[in-house]
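Me: I'm new to this one, could you walk me through it?
Reply: Gladly; have a look first, and then ask away.

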Amino acid sequence: MRNTCKHCCTKIDNLKVKLGGNTILDNVNVHVNCGEVVGIVGPNGAGKTTLLRTILGEVPYQGRIAFQISGSVSKKPKIGYVPQKLQFDFSSPISVADLVVSAISFYPVWMGINRDLLERVKSILSLFAAEHLLKRRIGELSGGELQRVLLAIAMTPGPALLLLDEPGSGVDVKGLSLFYQLVDDLRNKHDIAVILVTHDLAGVSSYVDRLILLDRSVIAEGNPEAVLSNEKLVKTFGPSLWNVSLLPNLKSSKAGKNDHD
Amino acid sequence: MIMINFWYRLVDMFPFAWTHYVFMKNALLAVLLITPCFALLGTMVVNKRMAFFTDVLGHSAFTGIAIGVLLGIQDPTLPMIAVAVALAVAINLLKDTTRASVDTVLGVLFAFIVALGIVILSRQGGFAKYTSYLIGDILAVSPRQIACFLVIAIVVLVYWYAAGNAMILTSVNSSLARSRAVNVFLIETSFTILLALVVMISIRLAGILIINSLLVLPAAASRNFARNIHSYTQGAVIISVFSGVTGLIVSYYWGTASGATIVLFAAGCYGVSALLGRRLNR
C-alpha cells in the first residue's frame with residue numbers, strides 16, 4: 001500500500017442514515033487519508049450513493065463526519081464531486097464552457113463569456129484532455145468526455161477530497177482507463193483523498209489503494225486483492241455485486257467487455 | 001411622470017396612426033418592459049421543464065381573484081400574488097417530500113385551484129364579470145402599472161445577474177450544484193417566487209389562458225438553434241420583444257385581443273425556428 005499523509009483525513013465514525021423510515025446506512029466507519037484512493041463497492045441499494053451524498057452534506061445523519069486538513073479540524077473543506085451519469089435534457093443549450101464557467105466563476109454566462117475567461121476555461125480543460133470540447137453542447141458529449149469535463153470542474157480549485165460516483169457508467173473502456181489515469185495523476189500531484197463508488201471491480205482494482213465492501217455497513221475492507229479473493233464474500237455478494245466476466249482472474253480475456261450497469 | 005411624458009413624445013415621432021393614442025403608447029412601453037423579463041425567466045422554465053408548473057401558477061389567478069372577492073378587495077393583485085407565491089413554495093416543498101410524480105401533483109393542484117376559483121366567482125351567475133382576466137387587456141394598462149413593470153424588470157435583471165450561474169448548475173444536477181456551494185433550495189424557491197410575482201403582475205396583460213405561452217414560446221424557439229446559454233438568452237429576448245411589439249401593433253389594425261395576437265407571433269417564431277433549426281443541425 002502507498003504511503004499516505006497522516007495529517008489530513010476524512011473520518012466517518014458510527015454513521016447512521018435513515019431515509020423515509022428505512023435505515024440506509026448503519027454503523028459505518030471509514031477513514032480516508034489524503035493521497036489515498038478508496039474504492040467503495042457493494043450491491044445495488046447498499047447505500048453507496050447515499051454515503052457520498054451524506055459526505056457532501058445533502059442528507060441528515062447521526063454519527064460523526066470530520067475533516068482534518070493539515071492537522072487542524074475543518075468543518076467544511078472543499079469537496080470535489082463528479083456525479084453519476086447525469087440525467088439532464090440532452091437538447092439543453094448549455095455548452096461545456098457555460099457549465100465550467102457557471103461552476104467556477106460568478107461572471108454570469110448568459111451575458112456572454114469574455115475571451116480571458118474562455119482562455120482560462122480552455123487551460124483548465126486542457127489538463128483533462130478536454131479542451132477541444134469547449135464549445136460543444138453538453139448533450140453532445142460521450143459519457144467519457146462529460147466525465148472528464150465534470151472532473152475538471154471538481155478539481156477547480158483543488159479540493160481536499162474528491163468524490164466520484166460510478167465513473168464507469170456509460171463510459172467505454174478506453175474512456176474509463178483515461179479517466180482513472182487522470183485521477184491517479186491528480187492524487188499523485190495534489191495529494192488529495194479520493195473516494196470512488198463503483199461497480200467496475202476489475203477496472204478499478206489497479207487504481208485503488210483500498211477497497212471497501214459496503215452493504216448498509218462496512219462488510220469488508222482491505223487491499224483490492226484481499227477483498228476480491230475472499231471466497232466467502234464472492235459467494236455471498238457475488239451474483240448481486242459483480243459480473244463474473246469482470247472478476248480479476250478473468251479480466252485479461254474479457255477486457256473488451258463493458259457491460260457494467 | 002417625466003419619464004412617461006418623454007416616452008409619449010418619443011412615440012409621437014413615428015408617423016403611424018396608432019401612435020396618436022395614449023393607450024397604445026402605454027401598452028407599447030409595458031410590452032417593452034415585460035417581454036424581456038418573460039424571455040429570461042422562460043429560458044430557465046424550459047431548461048428545467050417547468051412549463052406545466054408555470055401553467056398551474058397562471059391558473060392559480062382564479063383562486064386569487066376569488067379570495068379577493070370574498071375579502072371585498074377591489075384590486076385582486078395582492079391576493080393573486082399571495083396565492084401564487086404560496087402555491088409555488090408548496091409545490092417546491094412537495095416535490096422533495098412526496099413519492100407521487102411532480103406531474104401528478106401538479107395535475108391535482110391545477111384542477112383544484114381552477115375549480116375552487118370558478119365555484120367562488122360563479123356564485124349567483126356572476127362569472128362573466130371576470131372574463132377580462134381570461135384573455136387580458138393590455139390596452140388598459142395604466143402608468144402606475146407601467147412603473148410596477150419597471151420595478152419588476154429591474155428585479156428580474158438583478159436576480160438573473162446574481163443567480164444565473166447557480167440556476168444553470170441546478171438545472172444540470174442538484175448534487176453537482178450543492179458541491180459548488182449553491183444553496184439549491186434557496187435558488188429553486190426564489191426562482192419560483194419570482195415567477196409567481198411576474199406572472200401575477202402581468203396576468204392583466206395577456207390573460208390567464210395564454211400567459212404561460214409568453215414564458216415558454218420565446219425560449220423554446222430560441223432553443224432550436226442556440227449553441228450556448230448566451231445565444232439562447234439573446235435569441236429568447238429578441239423573439240419575445242419582436243413578437244410583443246409586432247403582435248401589439250398588428251392587433252391594433254386587426255382589432256383583435258393583443259395578448260393572443262402576441263402569442264400567435266411567438267408561435268410563428270417557434271415554427272420558423274423549428275424548421276430552420278432542423279436544417280442547421282443537419
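**Contacts, core and sheet**

Reply: Keeping in mind that this is a predicted model, we can start with Ala84(B), which touches Leu57(B), Ser60(B), Gly64(B), Ala196(B), Val199(B) and Met200(B), leaving aside residues up to four places away in sequence.

Me: And which residues touch the most other members of the largest nonpolar core?
Reply: That core has 155 residues, and those touching the most other members are Val100(A), Val149(A), Val194(A), Leu196(A), Ala30(B), Leu41(B) and Ala84(B).

Me: Which helix gives the most to it?
Reply: Helix 2 of chain B, residues 22-47, gives the most, with 16 residues.

Me: Where does the core lie relative to the domains of chain A?
Reply: It lies between domain 1 (1-78 + 159-261) and domain 2 (87-157) of chain A, because both of them give residues to this core.

Me: Switching topic, what is the strand order in the open sheet of chain A?
Reply: The six strands of chain A follow the order 6-7-8-3-9-10, with mixed pairing. Strand 6 (79-82) and strand 10 (217-222) of chain A each have a single partner strand and stand at the edges, so one side of each is left without a neighbour in the sheet. On average, neighbouring strands are turned by 20° against each other, direction ignored.

Me: How do strands 7 and 8 of chain A pair?
Reply: Strand 7 (residues 161-165) and strand 8 (residues 193-197) of chain A pair in the parallel sense over five bridges, and Leu163(A) stands opposite Ile195(A) in strand 8 of chain A.

Me: Which strands does helix 1 of chain A lie across?
Reply: Helix 1 (residues 48-56) of chain A lies across strand 3 (37-41), strand 6, strand 7, strand 8 and strand 9 (210-215) of chain A, and runs at about 150° to strand 7 of chain A.

Conventions
Residues are numbered from 1 along each chain as its sequence is written. Chains are lettered from A and ligands numbered from 1 in the order in which they are written. This is a predicted model: local features need pLDDT of at least 70, side-chain atom pairs count only at pLDDT 80 or more; totals for chains, interfaces and linings use all residues. A nonpolar core is a set of buried Ala, Val, Leu, Ile, Met, Phe, Trp, Tyr and Cys residues joined through C-beta atoms within 7 Å. A residue is buried if 20 or more other C-beta atoms lie within 10 Å of its own, exposed if 12 or fewer, and partly exposed in between; C-beta atoms are placed from the backbone. Helices (H or I, at least four residues) and strands (E, at least two) are DSSP runs, numbered from the N terminus. Domain bounds come from an automatic or database domain assignment. Two residues are in contact if their C-beta atoms, placed from the backbone, lie within 7 Å. Two strands pair if DSSP finds at least two bridges between them. Axes are lines fitted to C-alpha atoms, for helices over the stretch in contact, and angles run from 0 to 180 degrees between N-to-C directions.
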